[in-house]
Amino acid sequence: MEHDLIAALATPFASGALAVIRTSGDRCIESLALLTDRPDAIAAIPGGRIKRATVIDPDSGLAVDEVVIAVFRGPHSYTGEDVAEISCHGSVPGIRRILDILFRNGFRPADPGEFTQRAFLAGKIDLTRAEAVQEIVSSQTAVGHEMALRRLGGSIEATVRGITDDLVQIMARVAIQLDYPEEETGEIPIDPKTVAAARARLSALAGSYRTGRLYQEGVSVAIAGQTNAGKSSLFNAFLKEDRAIVSDIHGTTRDYISSRVDFRGIPVEIYDTAGLRETSETIEEEGIRRTRTVVRGTDVVVYLVDGTTGMTAEDDQILAELGWDGDGPTSTASRLIPVWNKIDVPGCKEPPPVSGGSPFSRVSATTMEGVDALVERIVAEIGPVQPERSGAPVIDSLRQKNLLERAVVALDDVATGLAAGMPVDAISVDLQEALHALGEIIGEVTSEDVLDAVFSGFCVGK
Ligand SMILES: Nc1nc2c(ncn2[C@@H]2O[C@H](COP(=O)(O)OP(=O)(O)OP(=O)(O)O)[C@@H](O)[C@H]2O)c(=O)[nH]1
Ligand SMILES: [Mg+2]
């Protein structure tokens with residue numbers, strides 16, 4: 001039932017100034033009009049226009065809410081069908097009552113992503129743009145948002161289509177040679193340079209997945225160190241907010257706490273942890289046990305040393321535990337950044353030289369000196385693989401990445417076949433495979449299962 005009437009709340013199910021209920025399907029405007037105080041006027045709204053109305057429950061005849069109805073007539077609508085969007089008051093019971101009236105009168109609840117799925121099926125957008133819709137919704141920083149917006153604008157589609165065109169042209173020449181073997185010129189109709197260029201572009205796009213994930217999903221960073229090193233102070237400095245309790249009492253932080261920060265466009269979950277020391281106090285001991293678990297699970301560990309006391313035997317021991325052998329991280333160590341804190345204090349010691357490994361960053365969590373440079377260092381440590389504003393398309397879909405890699409493997413086979421002087425018809429099978437993978441990326445060839453998998457991850461109402 002492709003064009004049946006669907007409805008869903010497109011805004012959060014919570015109280016707010018306004019809420020938007022979206023409906024789509026054949027005759028959806030007329031069906032909705034019957035649920036208002038002015039059915040004729042609403043049914044006649046031209047596409048791209050709005051009108052005020054009162055929603056009436058046809059069973060009780062009672063007015064339910066005063067709303068504004070925006071009408072888009074297919075094919076000039078998001079889904080390609082008739083679409084009506086109801087802006088109502090953002091009241092939870094009010095929203096529930098309007099949805100209830102719709103569902104009793106010919107509309108059914110939309111599945112997650114069903115509006116966008118209909119847009120895709122109507123040919124309004126390709127599959128990469130459809131995926132970008134959800135990627136925009138789930139973006140967490142301005143940079144992640146900008147990247148997703150470029151995908152919505154068709155950056156992935158354009159790249160994939162461009163490469164597809166090149167390969168199709170090769171296929172056409174292959175087909176001619178296969179159809180008219182008597183015109184055999186002895187020349188292979190496949191230019192290895194074109195194949196190599198296509199492979200390189202596809203491989204670069206597949207490689208951008210790591211960047212895409214980085215900006216969308218982000219990384220975790222733990223601040224660890226002995227008690228009173230200034231971990232909570234640094235945590236607050238990163239947050240630019242007085243979030244964690246800071247005191248000169250050793251063992252202030254017991255439970256680790258975490259918060260989201262934006263490091264140059266990368267969403268970072270940052271952890272302030274309990275100071276590591278020998279203790280016989282049960283609660284602190286548990287805090288330290290949890291700290292070790294957090295530190296093991298994070299992408300980057302910022303290890304803080306109190307510069308006024310300098311490196312202690314305990315620091316050496318903990319660093320060794322974290323995979324730091326005094327000359328820098330050993331090969332197995334997770335990404336560890338040693339940091340020397342309290343450089344604002346007169347008489348603060350100098351950090352020990354680190355031969356081979358990365359040196360201590362010098363900061364003052366109190367005056368903020370060196371904190372920006374530390375952020376830069378963390379960002380350099382975790383990425384980005386691609387400069388964030390290079391404008392090159394960046395993917396954020398595992399589905400797209402897998403298909404791009406499939407196309408790359410197929411083109412590798414083409415190159416191997418060419419080098420080995422294999423017959424053109426055998427090589428064309430691999431070319432066909434590459435084209436098939438590219439077709440799946442933009443959704444020209446898809447199965448029901450693939451579409452279900454893509455759209456089930458969407459929000460309802462999108
Ligand atoms: N002068 C100066 N004092 C600092 C600096 N960073 C932290 N302190 C002080 O050092 C003391 C301990 O700071 P915290 O941030 O609570 O240290 P912590 O590592 O979280 O300590 P625990 O939670 O006990 O493990 C407090 O008195 C802070 O004001 C710094 O950069 N300069
Ligand atoms: Mg603390």
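**From pocket to helix**

Helix H9 supplies three residues to the lining of the largest pocket, the largest share from any element. Helices here are DSSP runs of H or I with at least four residues, strands are runs of E with at least two, and both are numbered from the N terminus. This is a predicted model, in which local features need pLDDT of at least 70 and side-chain atom pairs count only at pLDDT 80 or more, while totals for chains, interfaces and linings use all residues. Residues are numbered from 1 along each chain as its sequence is written, chains are lettered from A and ligands numbered from 1 in the order in which they are written, and side-chain values use heavy atoms, with hydrogens and water left out.

Stay with the pocket. It holds about 310 Å³ of space. Its lining counts 24 residues, and the closest to the centre are Asn228, Gly230, Ser233, Val246 and Ser247. Pockets and cavities are found on a 1 Å grid over the protein atoms alone. A pocket is an open set of points with protein on both sides within 12 Å along at least five of seven lines. In a cavity, a 1.4 Å probe fits but cannot get out. Lining residues have an atom within 4 Å of a point. Points are joined across faces, edges and corners, and the volume is the space filled by probe spheres set on them. By class, the pocket lining has 13 polar, seven nonpolar and four charged residues. Nonpolar covers Ala, Val, Leu, Ile, Met, Phe, Trp, Tyr, Cys and Pro; charged covers Asp, Glu, Lys and Arg; the others, Gly among them, are polar.

Now the metal. Ser232 (OG) and Thr253 (OG1) coordinate the magnesium ion (ligand 2), at 2.0 to 2.1 Å. Ser232 sits in H9 (residues 231-239) and Thr253 in the loop between H9 and strand S8 (257-263), so the pair ties together parts that are 21 residues apart in sequence. Donors are N, O and S atoms within 2.8 Å of the metal (3.2 Å for Na, K and Ca); water is not among the atoms, so the site may look incomplete. Ser232 and Thr253 are both buried. Buried means under 20% relative accessible area, exposed means over 50%, and partly exposed lies in between, with a 1.4 Å probe and protein chains only.

The loop between H9 and S8 also holds Lys240. Its phi is positive, near 55 degrees, though Lys240 is not a glycine. Lys240 is exposed, at 70% relative accessibility.

Next, look at strand S9 (residues 266-272), the place of Glu269. Glu269 is buried, with a relative accessible area of 18%. Its side chain makes a polar contact of 2.8 Å with the side chain of Ser258. Another, of 2.8 Å, joins the side chains of Glu269 and Arg260. A polar contact is a pair of N or O atoms within 3.5 Å; within protein, one must be able to donate a hydrogen and the other to accept it, and residues adjacent in sequence count only if both atoms are side-chain atoms. Leaving aside residues up to four places away in sequence, Glu269 touches Val219, Ser220, Val221, Ser258, Ser259 and Arg260. Contact here means heavy atoms within 4.5 Å.

Thr366 is exposed, at 66% relative accessible area. Thr366 and Ala237 lie 129 residues apart in sequence, but 7.7 Å apart in space, C-alpha to C-alpha. Met368 lies in the loop between S12 and H12 too. Met368 has a positive phi of about 75 degrees, although it is not a glycine.

Which residues line the largest cavity? They are Leu32, Leu35, Thr36, Val55, Ile69, Ile98, Ile101 and Leu102. The structure holds one cavity of 30 Å³ or more. The largest cavity has about 40 Å³ of space. Helix H3 (residues 92-104) gives the most to this lining, with three residues. By class, seven lining residues are nonpolar, one is polar and none is charged.

The peptide bond from Gly74 to Pro75 is cis, with omega near 5 degrees. Pro75 lies in the loop between strand S4 (63-72) and strand S5 (83-90).

Finish at helix H4 (residues 114-121). Seven of its eight residues are buried, so H4 is largely enclosed by the rest of the structure. The buried residues pack against several elements, among them strand S1 (6-9), helix H5 (127-137) and helix H14 (424-442). Gly123 follows H4, with a positive phi near 80 degrees.
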